[in-house]
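The following exercises are to be worked through with the sequence and the model in view. Each task is followed by a solution in steps.

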Amino acid sequence: MTLTDLRYLIALAHERHFGRAAEKCHVSQPTLSVAIKKVEDELGVQLFERSATEVKITSTGQRIVAQAEKVLMEAAQIPEIAAAGKDPLSGPLRLGVIYTIAPYLLPRLIPRVHKLAPRMPLIIHENYTTRLLEALKRGELDVIVLSLPFDEAGVVAQPVYDEPFRVLMPATHPWTALEHIDPDKLADDQLLLLGAGNCFRDQVLEVCPHCRSVSGLQRTLEGSSLETIRHMVATGLGVTVLPSTAADDLPAQNALVAVRPFSDPEPSRRVVLAWRVTYPRSGAIDVLRTAILESELPGVRPIGRAVPLELA
């Protein structure tokens, strides 16, 4: 049994289809099928149930695939440890960022990372929190940027900044006469939210518990992204809540919208860097954190100071 065989097992377990698994592994379907059968014969157990329409993994197969993922993740540490011993700032960094942070952080972050570590290109992946954490634990990502809360064994979280929330409204909205918006007022208007399953949607509903009521939710509309929601507000459709990085610069760019802060205590989210406890390139993490803190993101409150970077 080889590491390549384990990769084939994992791919088939995820794809549940021989053709797609083979394509993901960049091999022919017969090659993958023979390798899977070889492993089953060697172990003396059936790992997958095959039919003309689908592939199902057996209970024993699930346990073996879970162990295979751990083996591959540990094996991947070997070249990373060697590279870290030479230069932690040399070689790609696989960075995951949640959807509600990426569009506003990355344009400011990337030039600073390039300046601090020009030999460390970023391979960037956007996704939801749960999927980024899964990819991180599988060793597919090195570090991720997301907001609390989350709790994962074997993952280190380092706070970077607190980001206050803002209310975005049409420029002609009556609330523009107010200096601050009380969270309970959100239930009085048509509130635009992200779709179910997005952590920022849940954070907004925590800001305004009354918006969870049936009548309140009936007055909400959903958008697929914060950018889509910003455009919907500009048309006069309703109001929304945005993180400050997505809101504070908007009025200067679009005369159709206005931004107001919340009344105290101001709701916010804590943004963190997260990585596996075994990840060896601590210098790369330091560069990333320093670059974020130097990005001058609108409205955020940095936590701690940038790390002096002598290696860069």
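**Exercise 1: An aromatic pair**

Tyr99 has a relative accessibility of 35% and therefore counts as partly exposed. The model examined here is a predicted one.

Task: Determine how the rings of Tyr99 and Tyr128 are arranged, and which parts of the chain they tie together.

Solution. 
Step 1. The structure holds 2 aromatic pairs. In the pair of Tyr99 and Tyr128, the ring centres are 5.0 Å apart and the planes stand at 80°. Planes over 60 degrees apart count as edge-to-face, so the pair of Tyr99 and Tyr128 is edge-to-face.
Step 2. Locate both residues. Tyr99 is found in the loop between β3 (93-98) and α5 (102-116), and Tyr128 in the loop between β4 (122-127) and α6 (129-137), so the pair ties together parts that are 29 residues apart in sequence.

**Exercise 2: A pair of phenylalanines**

Task: Classify the pair formed by Phe165 and Phe200, and state whether these residues are buried or exposed.

Solution. 
Step 1. The ring centres of Phe165 and Phe200 lie 5.2 Å apart and their planes meet at 80°, so this pair is edge-to-face.
Step 2. Phe165 belongs to strand β6 (residues 155-170) and Phe200 to helix α7 (residues 199-207); the pair links distant parts of the chain, 35 residues apart.
Step 3. Both Phe165 and Phe200 are buried.

**Exercise 3: The surroundings of Met73**

Task: Describe where Met73 lies and which residues it touches.

Solution. 
Step 1. Helix α4 (residues 59-86) contains Met73.
Step 2. The relative accessible area of Met73 is 15%. Because buried means under 20%, Met73 is buried.
Step 3. Leaving aside residues up to four places away in sequence, Met73 touches Leu136, Lys137, Arg138, Gly139 and Arg276.
Step 4. Met73 and Ala135 are 62 residues apart along the chain, and their C-alpha atoms are separated by 11 Å.

**Exercise 4: Backbone angles**

Task: Examine two cis peptide bonds and two residues with positive phi.

Solution. 
Step 1. Recall the general rule: most residues other than glycine have a negative phi, and most peptide bonds are trans.
Step 2. The bond from Leu148 to Pro149 is cis, with omega near 5°; Pro149 sits in the loop between β5 (143-147) and β6.
Step 3. The bond from Asp264 to Pro265 is also cis, with omega near 0°, and Pro265 is in the loop between β10 (257-261) and β11 (268-276).
Step 4. Arg16 has a positive phi near 55° and lies in the loop between α1 (3-15) and α2 (18-25). With a relative accessible area of 38%, Arg16 is partly exposed.
Step 5. Glu296 has a positive phi near 55° and is placed in the loop between α12 (282-293) and β12 (301-302). At 63% relative accessibility, Glu296 counts as exposed.

**Exercise 5: The whole chain**

Task: Summarise the protein by its helices and strands, its span and its buried residues.

Solution. 
Step 1. The protein has 12 helices and 12 strands.
Step 2. Its C-alpha trace spans about 75 × 55 × 30 Å along the principal axes.
Step 3. Of the 312 residues, 47% are buried.
Step 4. Among contacts with a separation of 6 or more, 74% join residues 24 or more positions apart.

Terms used:
Residues numbered from 1 in each chain as written. Predicted model: local features only at pLDDT ≥ 70, side-chain atom pairs only at ≥ 80, totals over all residues. Heavy atoms only, no water. Helix = DSSP H or I, 4+ residues; strand = E, 2+ residues; numbered from the N terminus. Buried < 20%, exposed > 50% of the residue type's maximum accessible area, 1.4 Å probe, protein only. Contact = heavy atoms within 4.5 Å. Phe/Tyr/Trp six-rings, centres within 6.5 Å; stacked < 30°, edge-to-face > 60°.
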